[in-house]
Amino acid sequence: MEDTNRAWYFVERPEGEPDADSFELREDDVPEPGAGELLVRVDYLSVDPYMRGRMRDSESYAEPWDVGDVLKGGIVGEVVTSESDRYDAGDLVTGEGTWADYSLLDADDVAPVDPSVADPPAYLGVLGMPGRTAYFGLLDVGEPKPGETVVVSGAAGAVGSVVGQIARLNGCRVVGFAGSDEKTEWLTETLGFDAAINYKTTDDYGAALNDAAPDGVDVYFDNVGGPITDAVFTKLNLDARVAVCGQIAHYNDENVPTGPRKLPMLIAPRAKVEGLLIGDYVTRFGEASEQLATWVARGDVAHRETVVEGLSNAPDAFLGLFSGDNIGKQVVQVSAASE
């Protein structure tokens with residue numbers, strides 16, 4: 001075990017799109033666990049779009065970070081020291097930790113990692129918070145039925161890629177929006193989407209949807225917002241359901257722009273629009289984790305992680321989410337040979 005603990009601190013609230021000025025890497029003492037705690041060597045840490053909201057000094061569904069806080073997020077790592085009867089040194093666990101070499105976690109708030117089911121980084125993606133978000137967001141909010149058409153924005157990301165595959169398992173036609181030809185090819189060739197639209201090279205989203213979803217849209221899983229959502233709203237079928245999971249197109253806006261007024265598009269189809277927060281389903285996490293693990297082990301749900309090497313590159317990994325650098329889940333491998 002090292003004598004010092006590198007950790008990333010949040011040092012400046014960004015205006016608009018964040019940059020490196022918001023982050024500072026410092027060296028601290030390795031923390032010591034108290035009763036019921038685990039000292040975990042962080043192998044992988046998660047960076048996620050929702051973290052942008054935690055950088056604002058305003059109320060949100062995720063508690064804002066204070067300037068001077070150590071950055072927090074999902075981690076996977078090995079228990080170094082245990083002050084709990086539930087875990088031993090050497091166990092692999094996942095939970096909410098810090099952007100650091102070592103992190104203290106409450107033993108009651110972690111879950112075991114089984115590498116025989118999937119590689120450890122998958123526990124930050126398909127087998128972690130993004131996978132559970134996809135599971136409950138699609139099945140409980142979207143309520144897909146066999147033969148319906150499901151459209152997913154941000155479809156090549158950690159949540160959207162799982163949404164599309166669950167929709168396929170439920171007998172739906174699946175259409176995804178993504179930001180490159182490599183991503184759209186992954187969606188159709190590997191994940192089994194029926195059609196995929198490269199929003200960066202498509203001038204008319206409505207026309208593209210007419211081709212990809214000729215029978216209209218029954219379920220829309222929205223990770224993005226913006227012009228894609230404007231276009232999808234014009235294609236909603238009778239009794240369509242819209243699950244609003246994220247709005248990454250607007251996360252860096254200081255003033256949210258007023259776009260076309262699309263609410264009238266909900267009247268004729270009597271569409272339902274519902275926001276979702278994964279925390280509302282905490283009592284059912286076990287259900288989702290068990291089903292997702294079964295699908296992954298069986299090969300019914302594929303996954304992909306974009307791994308950025310080195311704790312020193314964690315801010316770059318986070319910032320890369322807003323330029324679409326990742327395919328699947330973006331994670332940071334904390335210890336890298338280059339450091």
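These notebook entries cover a cavity and several salt bridges in a predicted model.

I number residues from 1 along each chain as its sequence is written, and side-chain values use heavy atoms, with hydrogens and water left out. The model is predicted, so local features need pLDDT of at least 70 and side-chain atom pairs count only at pLDDT 80 or more, while totals for chains, interfaces and linings use all residues.

**Cavity.** I searched the whole structure and found one cavity of 30 Å³ or more. A cavity here is a set of points on a 1 Å grid over the protein atoms alone where a 1.4 Å probe fits but cannot get out; lining residues have an atom within 4 Å of a point. The volume of the largest cavity is about 50 Å³, taken as the space filled by probe spheres set on the points.

I then listed its lining: G125, V126, A158, S161, V162, A302, H303, R304, E305, G328 and K329. By class, I get four nonpolar, four polar and three charged residues. Asp, Glu, Lys and Arg count as charged; Ala, Val, Leu, Ile, Met, Phe, Trp, Tyr, Cys and Pro as nonpolar; the others, Gly among them, as polar.

**Salt bridges.** I count 13 in the structure. The criterion is a side-chain nitrogen of Lys or Arg within 4 Å of a carboxyl oxygen of Asp or Glu.

**K329 and D48.** K329 sits in strand β15 (residues 329-333) and D48 in the loop between β3 and α1 (51-54), 281 residues apart. Helices (H or I, at least four residues) and strands (E, at least two) are DSSP runs, numbered from the N terminus. Buried or exposed? K329 is buried at 3% relative accessibility, and D48 is buried at 6%. The cut-offs are under 20% relative accessible area for buried, over 50% for exposed, and partly exposed in between (1.4 Å probe, protein chains only).

**R41 and E78.** I find a salt bridge between these side chains, 3.2 Å from N to O. R41 is in strand β3 (residues 37-46) and E78 in strand β4 (residues 72-82), 37 residues apart. R41 is partly exposed at 29%, and E78 is partly exposed at 26%. I also note a network of salt bridges linking R41, D43 and E78.

**R86 and D108.** The closest N and O atoms of this salt bridge are 2.8 Å apart. R86 lies in the loop between β4 and β5 (92-98) and D108 in the loop between β6 (102-106) and β7 (111-112), so the pair ties together parts 22 residues apart in sequence. D108 is exposed at 57% relative accessible area.

Key. 1 Å grid on protein atoms, 1.4 Å probe; cavity = no way out; pocket = protein on both sides within 12 Å on 5 of 7 lines; lining within 4 Å.
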